[in-house]
Amino acid sequence: MRTVKHVTCPVCGCLCDDLELTIKDEKVVKVKNGCALCKAKFLGYSKHRVLKPLVRKNGRFFEVSYEEAVSRAAEILTEANYPLLYGWSMTSCEAVSAGIELAEEIGGVIDTTSTLCHGPSTLGIQDVGISSATLGQVRHRADLIVYWGSNPLIAHPRHMERYTIFRKGRFQKEKRKLIVVDVRKTETAETADIFLQIKPNMDYEVLQALRALIRDQELDVDEVAGIPTERLEEIADTMVECRFGALFFGSGLTMTRGKNRNIDAVLSLVSDLNKLTKFIAMPMRGHFNVTGADMILTWQTGYPYAVDFSLGYPRYNPGETSAVDILLREESDAALVVASDPVASLPRKAAEHLAENPLIVVDPHMSATARMADVVLPSTFVGIESGGTAYRMDHVPLPLKKIVEPPEGILSDEEILRIILSEVKRKKAEQMENP
Amino acid sequence: MKMELIIRNGFVFDPINGVKGEKMDIAVRDGKIVERVNERKALEIDASGMLVMPGGVDIHCHIAGSEVNAGRLLRPEDHFKYSERKTATTRSGSGHSVPSTFTTGYRYSRMGYTTIMNPAMPPLMAKHTHKELNDTPMVDKGSFPLLGDWWFVLEHLSNGRIEECARYVAWLMTSTKGYAVKIVNPGGVEAWGFGHNVHSLDEQVPNFNITPREIIRGLCKVNKLLNLPHTIHVHTNNLGKPGNYTTTLETMKCVEDLAADDKPVIHITHCQFSAFKGSDWKTLRSGAEEIARYVNNHSHVTLDMGQVVFTDTTTMTADAPFQYTLHELTGSKWTNQDVETETSVGIVPFRYRRKSYVHAMQWSIGLELALLIKDPWKIFLTTDHPNAGPFTAYPRIISWLMSRRAREATMKKINRRAQSKSLLPSITRELDFYEIAVMTRAGQAKALGLKDKGHLGVGADADIAVYKINPEELDPSRDYKIVRKAFRRAAYTVKGGEIVARNGEILKHVKGATLWLKVKTSQQTKVNEDLKRRFRDYWTVEYENYPVSENSLDISHPINVEAKI
Ligand code: SF4
Ligand SMILES: [Zn+2]
């Protein structure tokens, strides 16, 4: 038995780094400090594992060596005209870095799950910017917390305990005020001081009304999205009167009608509030390293997701170069999926196109996507069986630890991608010599 | 296995060794300058009719880290028109004012630069900065942690505990793999945590019993106690505000008594932004004369220019309250990121226009400073990239410094009123290649305390730039366009003894080392125990997960520093 301390949790964007794990026979047997999601991962991750590389021949999977599977993968990728490299939100920055180099080498498109969740947040930030802060700044100073379209008690279970409601800060010893805005009474809403239940798909209207109110404009309607105007006035006053406000928004805002418009409005509202007080906003990023994937793509290419290398340089045009759109237009002719299960989350037609073409999956699990693949490369669990770096939702980088040995012979995402890359380079050099 | 190299017959400018354009050969072996090499075996560069200088050194350019990346994210429009293709030797990239990392390294290398300092690292984000620096090829690099508003500093200095403060700074410098103490709008950045600012050196910082003056003086003492190679690196209070030249003078004065042996104890960065006279934007005037007079009479200060060029760019500083003002002034989009317990950052896109009175005055002030300060060892060429313009504008600035005509050509095109208020028409000084070599490499290396950089003496790093300029034939005053062109594309850039770029083409992608200080104090452990205890209260990450490990640097180049405590 041994214990490992200060472990970073590879589950959600909170990236809690205070876990204490007890290990027995190279298995995690006890998790201290983690939430239910965290425990489920550490205690249950090893189920439904793939332990041998698989290559599909005549419709059936055959167990092969990494060498053979990598060679087949490299063949698929070099032959493809417009390959798509998708996933990346549940792996290390180091693996993403290898993935970007591979995408550049084969002239493909690299896109992350941002496309499906917080892509609109990014576009919103590119439109208006964002007034933000690290979570510790919120903890030390915020006297008002707003969760909008986000249910942290379920999706980010320790967010409130570590950073907002249930924690004191240097300048904030009193209980903070909590406002929850959602279309239904969520678990988080139950704990709120003020709950604003708005009609579905009407976030934009509410945000615009609040923007007008904080500018001291009168609303000449009696209600907005089912909320009486007086109530909105109260909310606006609360926002203006706080010393430091923090608004966290989730997919309830980014994925409902209006998407980008919603984000523009929420970011503008928060920006405007800085004329009157201090206010910050933050997207509640889901997968533990989706932020890291955005970051590294941005510094290496200039763009955060949906980066197209088909012309030899990075191009970015979400709606055109984003995974879903490419798949719906049936343009990609091969795909590499890393640390993600898009078949379960993509629109049906997009998933079909993905499966119809040569498909390579790098994943520790036999996921739904892996089942449709032509090549499956089993990998380690990042943050459990291999290390690296991940970014918290507030852009704070944290180390992921290797806690236990992976099953014998299993490589990490990063290692697998690096070998595919060198195999691709070798194949290309060969082709140059014997065209 | 590295080959020998000899650079023959160039006009060598090596100010640190007193070489002023003599025709000489420079010999290189194993990445270092040596006395001689085997001339028959050595690779030869024929530099006859060309300038040979140490590789360029940049003391202040925001090229990597969380704030730069937030700038990249904010500005896809900055990248669309500036894409660079992948080649057999180079990675692809994009960006004008906030280029992607690989592209940044290549662009510096093409200009003959080999060492750069990234001047604003939020300590909590140090891992990020270093990851980006790992991905910035072709140059050696260092990074300055932002310490002027760090709670540990504020608390210890306000209690007069200088030595204890020094031990924390030593710990932090080593933990974040930092190179120098950076101070930005001291006190003002902490105040920004609640949306406020401070406005003078003697204003009390809200919630902390300390003033900006005490922070600057305290950290200056700390810097000396720790024997750090560079001085404190200061972005003044009131930066970017009319009338701020008095704050700048006071800032320089406030550490006058801490100087000894004619050695600098403070570096005022991007001084242009802190040299404004006048009471508002309409009455803005240049404070360059007053600042130059002070600097000419004192030896404890170095400066860099922060020269404005007329272009579209991205402003980014840890001076988040200033960035917010800029956002209000321009109405441009705005990103802010406060960092718990330490610092902040603000980002606003910006365009410097010739026809704007204020921007044209800013352009003039930067050049006035560089020309009125007599000693080139005291003021260095920077644009505070990308704040006053991208670093790719350096060749243009060199031509302004070397040629009155070049200045006049621009002067004709700027705002009329600025033309009449500018001090430039009265300045006849034109710098020579020796002075340019000081301002773009030798002086910067010296100020940074980089012993093996910025010169071509035996034992120095073989980082060398060769430019297609014949100083015997060319008159830089008249032929300023040729000068500009030559500095844009070095004929050869040698990094660590290898030819890495030729005529603007990258021949080899090399990594470049990360320079950082390993500061040794006599009692280190005590700091750790205390730190651990307070860590959880101050930050939201575990103490153990905070430091940057040495093996996360692709090429680590620690510099040992023995502190006096
Ligand atoms: S809140 Fe998220 S990161 Fe923290 S322990 Fe739970 S699942 Fe892990
Ligand atoms: Zn700067």
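Modeller: Glu77(B) is partly exposed, as its relative accessible area is 35%. The model is a predicted one.

Biologist: Why is Glu77(B) called partly exposed?

Modeller: Buried means under 20% relative accessible area and exposed means over 50%. The 35% of Glu77(B) lies in between, so Glu77(B) is partly exposed.

Biologist: What makes Lys333(B) and Glu77(B) a salt bridge?

Modeller: The rule asks for a side-chain nitrogen of Lys or Arg within 4 Å of a carboxyl oxygen of Asp or Glu. The closest N and O atoms of Lys333(B) and Glu77(B) are 3.1 Å apart, so the pair qualifies. Lys333(B) belongs to the loop between α11 (320-330) and β18 (335-338) of chain B and Glu77(B) to helix α2 (residues 76-79), so the pair ties together parts 256 residues apart in sequence.

Biologist: Is Lys333(B) buried or exposed?

Modeller: Lys333(B) has a relative accessible area of 15%. As the limit for buried is under 20%, Lys333(B) is therefore buried.

Biologist: Why are Arg107(B) and Glu84(B) called buried?

Modeller: Arg107(B) has 11% relative accessibility and Glu84(B) has 19%. Both values are under 20%, so both residues count as buried. Their side chains meet in a salt bridge, at 3.1 Å from N to O. Arg107(B) is in helix α3 (residues 101-110) of chain B and Glu84(B) in strand β7 (residues 83-84), so this pair ties together parts 23 residues apart in sequence.

Biologist: How do you know that Arg213(B) pairs with Asp202(B) in a salt bridge?

Modeller: Their closest N and O atoms are 2.7 Å apart, and the limit is within 4 Å; the pair therefore meets the rule. Arg213(B) is in helix α8 (residues 212-226) of chain B, and Asp202(B) is in the loop between α7 (188-192) and α8, eleven residues away. At 25% relative accessibility, Arg213(B) is partly exposed; Asp202(B), at 45%, is partly exposed as well.

Biologist: Which residues are joined into one network by salt bridges that share partners?

Modeller: The network joins Lys32(B), Asp140(B), Asp452(B), Lys453(B), Asp461(B), Asp463(B) and Lys495(B). Over all chains, the structure holds 62 salt bridges.

Biologist: How many salt bridges does the rule find across the interface of chain A and chain B?

Modeller: The rule finds eight. One of the salt bridges between the chains pairs Arg91(B) with Glu104(A), whose closest N and O atoms are 2.5 Å apart. The contact takes 62 residues from chain A and 55 residues from chain B.

Definitions and conventions: Residues numbered from 1 in each chain as written. Chains lettered and ligands numbered in written order. Predicted model: local features only at pLDDT ≥ 70, side-chain atom pairs only at ≥ 80, totals over all residues. Heavy atoms only, no water. Contact = heavy atoms within 4.5 Å. Helix = DSSP H or I, 4+ residues; strand = E, 2+ residues; numbered from the N terminus. Buried < 20%, exposed > 50% of the residue type's maximum accessible area, 1.4 Å probe, protein only.
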